[in-house]
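Hi,

Here's the structure I promised to pass on.

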Amino acid sequence: MYIKIRIMLTAGLAIGAVFTGIAAIDPASAFADKPAAVVAAPAALSMAEEGAAAPVNTLKGLDGKTYTVGQGNGKIQLLSFWASWCDPCRIEAPLLNELAAKYRTKLDVYGINVTKYDRKEDVRKFAKSLGLAYPILLDKSGEVFDVYRGAAFPTSVLIDGNGTVREMLLGVYSKEELEGKIRKLTEELDTK
């Protein structure tokens, strides 16, 4: 049942994107009419893969600070790529706030707004209306979203304390399911 709901939410997001004129959330379709040389990621960019080292990226936050994500810092990182117009993102954000507070000594949550498909003033309103306490980072060009193979909103990435991509998650997960994934990684941290 839950899997069907997640699929329906993701499908609804894709349909909603088309009706709102934001079909470009799928990087492949956004460049379907462009020559391959234009579409190809720059050679300096490494694409994220489960089980491989996470690409390290530096982004500015809404708070004006600079954050580096992806590197092993001894803590689990949860990167959540989102947009302010995304209803599933609005459902997920309070859960991320709760998990960030509950696991603050072992988990860093970063909400990465793909500003290429959003407006900064809407990002601020979204974060303020939900009282988000974790850092909100701005992916202005959408490059980091592309590197992490984002295909829809939300797309989340779990990175372990060593900087290895452990899981790439598409769509909204239940609190129990997401917390179970985080708890498993925290248990691994505790045994090291």
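A term to start with: buried means under 20% relative accessible area, exposed over 50%, and partly exposed in between (1.4 Å probe, protein chains only). On that scale Arg149, at 43% relative accessibility, counts as partly exposed. Arg149 sits in the loop between α6 (143-147) and β6, and its phi is near 60°, a positive value in a residue other than glycine. For context, most residues other than glycine have a negative phi, and most peptide bonds are trans.

Bear in mind that this is a predicted model: local features need pLDDT of at least 70, side-chain atom pairs count only at pLDDT 80 or more, and totals for chains, interfaces and linings use all residues. Residues are numbered from 1 along each chain as its sequence is written, and side-chain values use heavy atoms, without hydrogens and water.

Now the sheet. Helices (H or I, at least four residues) and strands (E, at least two) are DSSP runs, numbered from the N terminus; two strands pair if DSSP finds at least two bridges between them. Seven strands form an open sheet with mixed pairing, in the order β2-β1-β5-β4-β3-β6-β7. Its edge strands are β2 (66-69) and β7 (165-170), each pairing on one side only. Strand β6 (residues 155-159) runs antiparallel to β7, joined by five bridges; Thr155 has Leu170 as its bridge partner in β7.

Helix α4 (residues 87-102) packs on the sheet, touching β3 (76-82), β4 (107-113) and β6 (contact means heavy atoms within 4.5 Å).

Cheers

Terms used
Axes fitted to C-alpha atoms, helices over the stretch in contact; angles between N-to-C directions.
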